[in-house]
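Subject: Structure for you to look at, with notes

Dear colleague,

Here is the structure I promised to hand over.

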Amino acid sequence: MKSFQIRSFLLLLIICIAGKSYAVGYEQYIYFQKQNNTLPLVANGAALPIIISVADYPGVKRVAGELSNDIRRVSSLEPSVLETETLPAKAIIVGTIGKSKLIDQLIASGKIDVSNLKGKWETFKIETVANPLPGVESALVIAGSDKRGTIYGMYDISEQIGVSPWNWWADVPVASHKEIWVKNGTFTRGEPAVKYRGIFINDEAPAIATWVAWKFGGLNSKFYTHVFDLILRLRGNYLWPAMWWGAFNMDDPLNPKLADEYGIVMGTSHHEPMIRSQQEWKRVGKGPWNYERNKEGLYKFWEDGIARNKDFESVVTIGMRGDGDERMSASSDMDANVKLLENIVTDQRQILSKYFPRGAANVPQVWALYKEVQDYYEHGMRVPDDITMLWCDDNWGNLRRVPTDLERKRSGGAGIYYHFDYVGAPRSYKWINTNQTAKIWEQMSKAYDYGADRLWIVNVGDIKPMEYPIEFFMDLAWNPKRLGKDQIGEHCRLWAEREFGSKYAANVAEIMEKYTMYNSRCKPELLNASTYSRENYNEAETAVADYNRIAQKADSIYKVIPAEYRDAFFQLVLHPAKASATLHELYYAVAQNRFYAAKDGVVANKWAEKARSCFRTDSLLSVEYHTIGNGRWNGMMTQTHIGYTSWNDPKTNIMPQVKLVSGNNMAQPAVAVEGCDDSALNVADTQFELPEFNTYTRESHWISLFNKGNKPFAYKVKASAKWLNVTPAKGTVADEVRLDVSVNWDLVPVGNSIAAKVKITAAGKDFIVNVKVANPAYPTRQNLKGFVESNGVVSMEAEHFTSKTTGQPVSWEKVPGLGRTLSAMVPFPTNAQVTGQNSLDYKIYFFTPGEHKASVYISPTINFVAGQTMKLAVSMDDSAPQILEVKVGSLHGEGRDGGGWDASVKESIRKLVATVKVDKPGYHTFKVIMVDPIVAVQKIVINTGGEKPSYLGPTESFFRK
C-alpha cells in the first residue's frame with residue numbers, strides 16, 4: 001500500500017474511533033460540547049456573528065446567509081450576518097483574498113499565513129486566530145483564494161456541524177445541539193485536483209420533469225437555486241442543465257444570473273454548442289440544423305448565445321453533432337466530415353474572439369469526443385491546443401480513451417464525460433442506481449492517472465436516486481489520491497455514518513454496496529425471467545435471496561431508526577434495496593410460473609399470483625415514494641423499468657406474461673430435479689439424476705415433487721443409503737413440495753463415485769432419483785492446498801490466488817467490490833509499462849485429465865490507451881503462455897463493434913477463453929499472466945466436462961489457501 005493510502009486509512013480509522021463524524025473522510029474539527037483548545041461558535045445562548053466585507057462577492061454573501069441558517073438549524077440560534085468593518089470581541093470572519101478588507105488586513109499583519117492559498121484555485125483555509133484585529137479577542141477566520149474557495153470554506157463548516165449536503169435533496173435531518181465549538185488550529189482540503197467538476201441533468205422525463213412542473217412550475221431559478229446549492233455543498237463547480245425539456249437561459253432570465261452569482265460555471269451538453277440549448281433551437285432557430293445548408297442561421301444563433309452569456313463564467317462547448325444528439329452527417333465520407341467540423345470550430349472561435357477581447361484562446365472551451373466524434377479525431381481532425389479535449393466513456397461507465405503523452409502537453413488539457421444514466425443502445429437505463437463505486441473509482445482513477453484532470457462531468461439523470469454515487473464522484477474529483485482502493489468501502493461507511501449515525505453505518509454501507517453490485521450485474525431494464533438460471537447452481541434463487549437479505553436488513557433498520565430519519569432512509573437506502581429485490585423476485589416468479597406451466601403443474605398458478613403481487617408491490621413502492629414528506633417528491637421514481645423489448649423504454653410498466661394451469665380433478669404427481677429443466681415427466685419409473693454431491697463443497701440439492709391435478713396426494717421417500725437424507729421424507733402435496741437432499745458425510749464411504757437412489761412413491765407411482773457422491777480418499781478437505789475440481793468444473797474468484805509473482809513497476813492488486821461477484825484483480829499502476837513477470841497462480845487438484853476450456857472473466861474495459869492492446873496470457877503448469885486479446889472494434893455506444901461490446905456491457909463481463917491441458921490427475925498450477933496493464937480479472941472457470949449454463953458462472957469451488 002502506498003504511503004498516501006496508509007495515511008488516508010489511518011486518518012479514517014482515527015475518525016471511526018473518535019465517534020460519529022459529519023465530514024466524510026476528513027478530520028472532524030467541530031465539537032458539540034466544550035473541549036480543551038476550542039473556540040465557541042454557539043455557547044451560553046449566543047452565536048458568533050458572521051462578518052463579511054461590503055466589497056466581497058454577492059455569492060459569498062448569499063452563502064454566508066446559508067451558513068447562518070445552517071447554524072440556526074443545528075442550535076436554534078441564528079448568527080447575524082454583518083457587512084461591517086467594526087468587529088465584536090468574538091466573530092466568524094469570512095472573506096476572499098483581494099475582496100475582503102478584513103482578510104487582507106489579517107494577511108498584512110501576519111495574523112494568517114496564506115502562502116498556500118494565494119494564487120490557488122478554489123482553496124479555503126479555516127483557522128482560529130487569537131487577537132486577530134484591534135479590539136477582537138478571537139475569531140474563526142474562513143479565507144478563500146477566490147469566490148468558490150470562500151464558499152467551500154463556509155459549506156465545510158455546515159457539513160462539520162451536521163448539515164448534510166443532502167439535507168434538502170434527500171431530507172437528511174439536522175441533529176440539534178445547544179453548543180458548537182471549533183477546535184483551535186488550521187483546516188483545509190487543499191486545492192482540487194480536477195479544475196471543473198460537475199453534473200449533467202439529463203434524460204429528465206418523466207421523473208424530474210414531472211416533479212419540477214408540480215413543485216416549481218418549470219425548470220426555473222427556484223429549482224436551479226437548489227441545484228446550485230447542492231453542487232457547491234459537494235464542492236463541485238460546473239453544470240450542464242436539463243436539456244430534454246429545458247432551455248436554461250430562456251426559461252428564466254434569473255437562471256444564468258444566479259448561477260454566476262453562486263459561482264456555478266455553466267456549460268451545455270456535448271451536442272449543444274456555444275451556450276445554446278437544443279430546446280432554444282427548436283423555439284427560435286430558423287432553417288435546418290445543418291451547417292452546410294444553413295451556415296448563416298446557425299452562425300447567428302450561436303453568436304446570439306455568446307453575446308447573451310459573455311459576462312457569465314462558462315465553459316463553452318464547441319463543435320457540432322446532429323439535431324437530437326445524432327450524427328452530424330449521414331455521409332460516410334470521413335474526410336468531408338472532418339473538414340466540415342474543422343470549419344465549424346474555426347467559425348465558432350471567430351465568434352468567441354469577437355466577444356472576448358483577450359481572444360478565443362483565453363476562453364475556457366471543451367470539445368466532447370462523443371461517439372463518432374472520436375472517430376473524426378482519430379481520423380486526423382484537430383482543434384487548437386487551448387481547447388479541453390473531453391474524452392467520453394462508452395455510455396456504460398467504461399472509458400473509451402485517455403490522453404496520450406503528446407496530448408497531455410496541450411494547454412487545454414483533457415477531461416472525462418461519464419455516465420450514471422443513459423438513453424440509447426443496447427438498452428436505456430435510468431430507473432435506479434446501478435453504479436458500483438468500485439467501478440467509478442477504478443475508471444476515474446485511471447483517467448486521472450493518465451492526465452484527464454481539467455474537467456469531469458457525469459450524467460446523473462434526475463439527480464435522484466444517484467445521491468451517493470454523485471457525492472463519491474465529486475469527492476474523487478476533488479482529490480483522487482486521497483481515496484485509495486482500500487478506502488472505497490470505508491467512504492461509504494463514513495457517508496452512512498454522517499447521514500444516519502454510527503449505530504447503523506456498517507449495515508447501511510453493506511446494503512448500499514451490495515445492491516449496487518447486484519444491480520450492476522444486469523441493469524434492471526435488461527433483466528428478464530431467463531437472465532439467471534433457475535436450474536443450475538441455484539443461481540436465480542440465490543440472486544433473489546441475496547436481494548431479499550439486504551432488503552430485509554434495510555426494512556429492519558427502517559422500523560427502528562428514529563422517525564426523523566425515515567424519509568431520508570427510505571429514499572437513500574430502503575427504496576432502492578426493496579425495489580431492486582422486488583423486481584428480481586418478480587422475474588423469478590415468472591420463471592417458475594413458466595417452468596411449471598410448461599409441465600402442467602398447478603403450482604404455476606401460485607407463482608403467477610406471486611408475480612402479480614410483486615408487480616403490484618413495485619407500483620406501490622413508487623406510490624410510497626410520493627407520500628413521504630407529505631408528497632414532497634411527487635413524480636420522482638416514475639421511470640418505466642419493466643417490459644422492455646428494445647433499447648427504448650415502453651410507455652408504461654408491462655406485467656410479464658404468465659400462464660395459468662386448470663389441472664384435472666385427479667392426483668397426478670410429477671418430479672423436477674435440480675440441474676435438469678426437462679425432467680418433470682409424469683412417467684412411472686422414470687429415473688432422474690441430481691448434480692453430484694462432493695465432500696469438498698458439501699452442498700445440498702433439491703427435488704420438486706409437484707401435482708398436475710387438483711386432488712392432493714400423499715407421498716413417502718426412501719433413500720437407498722443410510723448416509724442419504726431427504727426431508728420432508730413424507731407428507732401431502734397439494735401443488736408442490738420441495739424436498740431437500742443432503743449427505744451425512746460422517747457416514748459416507750470413501751470413493752470417487754459412490755451411487756445411491758432416492759425413491760419417491762406417490763399416488764401409486766414411483767420416481768427414482770439417482771445420486772452420485774464423490775468422497776475421495778485424497779486430497780481431504782483438511783489437507784487440500786488450493787482449489788479442487790468438483791461437478792466437472794473449477795470455479796475461482798480471482799482474488800483467491802494461491803500465490804502471485806510481482807514484477808516492477810506493475811503488480812496485480814485487489815480492488816474490493818469491483819465486478820459481479822466479489823472483487824477484481826487489477827494491474828497497478830495502470831499507466832506504467834509491464835516489464836517483469838506478473839502472474840496470479842492458482843493451485844488446483846484435478847480429477848479429470850484432458851484438454852479443458854478455461855474462461856477468464858474480465859471487466860468490460862475498453863482499450864482506452866491509444867495504440868495499446870488489451871491482452872493477458874494464461875498457462876497450465878510449465879506450458880507456454882497463451883496470449884488472449886480483447887478486440888473491441890469500432891463502437892459509438894451503439895453496439896456496432898463486432899468485438900462483443902454489446903454483450904459485454906449487457907452482461908457487465910467479458911470472457912476470454914483458452915484451451916489448457918491437464919496431463920494427469922493431481923495438482924496443477926493455472927497462471928493468469930499480465931501482458932497489458934489495463935485488464936481487470938474477476939473470475940476464472942475451467943470446464944472439465946460438467947459446466948452448466950448460467951449467467952454468473954458456476955459458484956466458487958472449494959479451496960484452501
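The side chains of D171 and W633 are joined by a polar contact of 2.8 Å, a polar contact being a pair of N or O atoms within 3.5 Å of which, within protein, one must be able to donate a hydrogen and the other to accept it, with residues adjacent in sequence counted only if both atoms are side-chain atoms. Before going further, please note that this is a predicted model, in which local features need pLDDT of at least 70 and side-chain atom pairs count only at pLDDT 80 or more, while totals for chains, interfaces and linings use all residues. Residues are numbered from 1 along each chain as its sequence is written, and side-chain values use heavy atoms, with hydrogens and water left out.

D171 itself is placed in the loop between α4 (147–160) and β9 (180–183); helices (H or I, at least four residues) and strands (E, at least two) are DSSP runs, numbered from the N terminus. D171 counts as buried because its relative accessibility is 16%, where buried means under 20% relative accessible area, exposed over 50% and partly exposed in between (1.4 Å probe, protein chains only). Apart from its neighbours within four places in sequence, D171 is in contact (heavy atoms within 4.5 Å) with W166, D567, A568, Q571, R632 and W633.

W633 also belongs to one aromatic cluster, together with W168, W169, W211, F216, F223, Y224, F228, F248 and Y262. The structure holds 59 aromatic pairs, for which rings of Phe, Tyr and Trp (its six-membered ring) must have their centres within 6.5 Å; planes under 30 degrees apart count as stacked, over 60 as edge-to-face and the rest as tilted. W211 and F216 make an edge-to-face pair, at 5.7 Å centre to centre and with 90° between the planes, and both W211 and F216 are buried. The pair of W281 and W289 is edge-to-face because the ring centres lie 5.2 Å apart with the planes at 70°; W281 is buried, with a relative accessible area of 7%, and W289 is buried at 15%.

W211 leads on to helix α5 (residues 207–215), whose buried residues are A207, I208, W211 and V212. These cover an arc of only 110° around the axis, and therefore lie on the same side of α5; the arc is that of the directions from the helix axis to the C-beta atoms. Among what covers the buried residues of α5 are β11 (196–201) and α6 (221–233), and just after α5, G217 takes a positive phi of about 85°.

As for the strands, four of them form an open sheet with antiparallel pairing, in the order β1-β9-β2-β3, two strands being paired if DSSP finds at least two bridges between them. Its edge strands, each pairing on one side only, are β1 (30–31) and β3 (46–47). Strand β2 (residues 38–43) runs antiparallel to β3 and is joined to it by two bridges, and A43 has A46 in β3 as its bridge partner.

Finally, I50 is found in strand β4 (residues 50–52) and counts as buried because its relative accessibility is 0%. Its contacts, leaving aside neighbours within four places in sequence, include A64, L67, P79, V81 and I92.
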